[in-house]
Each structure stands twice: as C-alpha cells, then as structure tokens.
Amino acid sequence: MTHAMLKGSNVPLKATTVRAVLRWTPGQGVPDVDASALLLGPDGRVRSDEDFVFYNQPRHPSGKVWRLGKKRGAEGLTDTIQTDLAGVEPGVSQILLVASADGVAFDTVRSLSILLYDAATDGDPIATFDIRPETGEETALICGELYRRGEGWKFRALGEGYSNGLKGLATDFGISVDESEEAAGTADPAPLPPGPSLSQPLPPEQPTAQVPQQQPAYGYPNNLPTHGYAYPDGSFQLPPQGPQFIGR
C-alpha cells in the first residue's frame, strides 16, 4: 500500500531498511540532480563532517547509510539513498534526505519526486511525495526526513529549499566548509552536456490515492553524466552561491 503524501505529512515505518529514490524527468537544459543525506543528533546538527553522505563521500562510516547511485529508467532519472534503520547509531535522531542541482535553480527540474521503498521487498513504494519548490529559486531541497519516534522511525515529507545550494544547506547543519579555498577562487564544476529530449511528465499528485509503483532496478550506466567537487585533505569545497535561505 502506497501513501501519496502532502507536504508536512508523515507515515510510520515498519521496514527496517528503506530506500529513498529521487526521481525527475530529464530534458534539454534540465540539470543533473544529486541525492545526499545528513545524519543529525538530538541538537539538530551533524556530529562531524562524516555525517554528510554525498557524491564525494558515498557511505557513512557506520555503513548504515549509503548512496546506491543513479539509473535511467522509462519514467526518468533516479538517484538513491539506502538506510539500515535498525542499525543507525543511537546518537542519530533524524536523517535528512536532500536533493541538489549543481547550482541551478529547481524551477528547471521537471516532475521531481521522492519514493520510499522497503528495501527488503520487491513491492510498491511505502510512500511517494511530489516535490514542488516554493519559489523555484532553490538550488538545494530537503525532500524529506527519517526521524525517530519512540522505538520506531517515521518519514515526513518536507520540500524545504535553500537558494545557496548544497554548501548553504550543509553548513546550516554544522558541516565545515573550507573558506580559504573559496577565497582563493574554487573553480566551478564543468557544465553538464545537454540532456535527452523531455519524456512525458509524471502525473500530478493524488493525495488520497493508493498509487501502485514499479520497484526500480539498480545500477549506474557508465554513460550517465557524473561530477564532483574537489575534496582534498578532508575539507568540503562546494562552489559559492547566493546568501539567501528559503523556506525554513
């Protein structure tokens, strides 16, 4: 049974391992989207930079949160974060599921959604959430969160955005950024090649419907665009963006 979620709604999770799949429709001028996760303590901040799981640090040291990578399917491109909820350290109270668009505003990203699966089964999604940015100027979005409730876990649909990209979002939750490298002029990542022609848009959200979905297959074709920023000496070096934070 799939829950089609509205912004701010939540659903309890019986699954012990979940797969959060970001999905969007590619097209001319549509940026590549990256999934990432931040593991937060009771104070709402990371305990160290190791609590940031992203393209240059794809697996948490605990081994309980990791990126599965991207795939191209009939319904669009996906990027995926998997979490072993049963094994997450007691010091982690919530896990933010994040999308970033390489410094490009999300108003150019078509049909962005997050689908949450029980990783132990081949069934329909537990929940789906069609993400609609509030202003369109966001370059990073908190799509949803996994959070503890009593002895269990729940998922909440969020869709909150930042206009200063993954750097702004990460630093807001306590990630250290190498400011000296920024001052020296960190190079922007090379532009991505144009995407394929737009496929048909995904259907609009149906809040009350139980929507069946196909379980995705995983694997990352070698011809998909990839990128990553420089990451020497353990310091995050994300490109500078505008200062404004939207919608939190």
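Select residues 17–25, strand β3. Nine of its nine residues are buried, so β3 is largely enclosed by the rest of the structure. Buried means under 20% relative accessible area, exposed means over 50%, and partly exposed lies in between (1.4 Å probe, protein chains only). Strands here are DSSP runs (E, at least two residues), as helices are (H or I, at least four), numbered from the N terminus.

A word on the model before moving on. This is a predicted model, in which local features need pLDDT of at least 70 and side-chain atom pairs count only at pLDDT 80 or more, while totals for chains, interfaces and linings use all residues. Residues are numbered from 1 along each chain as its sequence is written, and side-chain values use heavy atoms, with hydrogens and water left out.

**Both faces of β3.** Show the side chains. On one side sit T17, R19, V21, R23 and T25, all buried. On the other are V18, A20, L22 and W24, also buried.

Two strands pair if DSSP finds at least two bridges between them. Pick R23 and look across to β7: T78 stands opposite.

Which residue of β9 is the bridge partner of L22? It is I114. For A20, the partner in β9 is L116.

**The whole sheet.** Zoom out. The strands belong to an open sheet of six, in the order β1-β10-β9-β3-β7-β6, with mixed pairing. β1 (3–4) and β6 (65–73) stand at the edges with a single partner strand each, so one side of each has no neighbour in the sheet. Strands of a sheet pair through backbone hydrogen bonds, either parallel or antiparallel.

**A stop in β9.** Select S111, which is in strand β9. Its phi is near 55°, a positive value in a residue other than glycine. Most residues other than glycine have a negative phi. At 23% relative accessibility, S111 counts as partly exposed.

**Strand β2.** Go to residues 10–13. Which face of β2 is covered, and which is uncovered? V11 and L13 form the covered face; N10 and P12 form the uncovered one. Four bridges join β12 to β2, and the two run antiparallel. V11 stands opposite F155 in β12.

**A loop contact.** Select E134, in the loop between β10 (127–130) and β11 (140–149). Its relative accessibility is 48%, so E134 counts as partly exposed. The side chains of E134 and K7 make a polar contact at 2.5 Å. That term covers a pair of N or O atoms within 3.5 Å; within protein, one must be able to donate a hydrogen and the other to accept it, and residues adjacent in sequence count only if both atoms are side-chain atoms. D107 is 27 residues from E134 along the chain, and their C-alpha atoms are separated by 9.5 Å.

**Rings.** The whole structure holds two aromatic pairs. One is F52 with F54: stacked, 4.4 Å centre to centre, 0° between the planes. Rings of Phe, Tyr and Trp (its six-membered ring) pair if their centres lie within 6.5 Å; planes under 30 degrees apart count as stacked, over 60 as edge-to-face and the rest as tilted. F52 and F54 are both buried.

Last stop: Y147. R156 lies over its face, 4.2 Å from the ring centre. A charge sits over a ring if NZ of Lys or CZ of Arg is within 6 Å of the ring centre and within 35 degrees of the ring normal.
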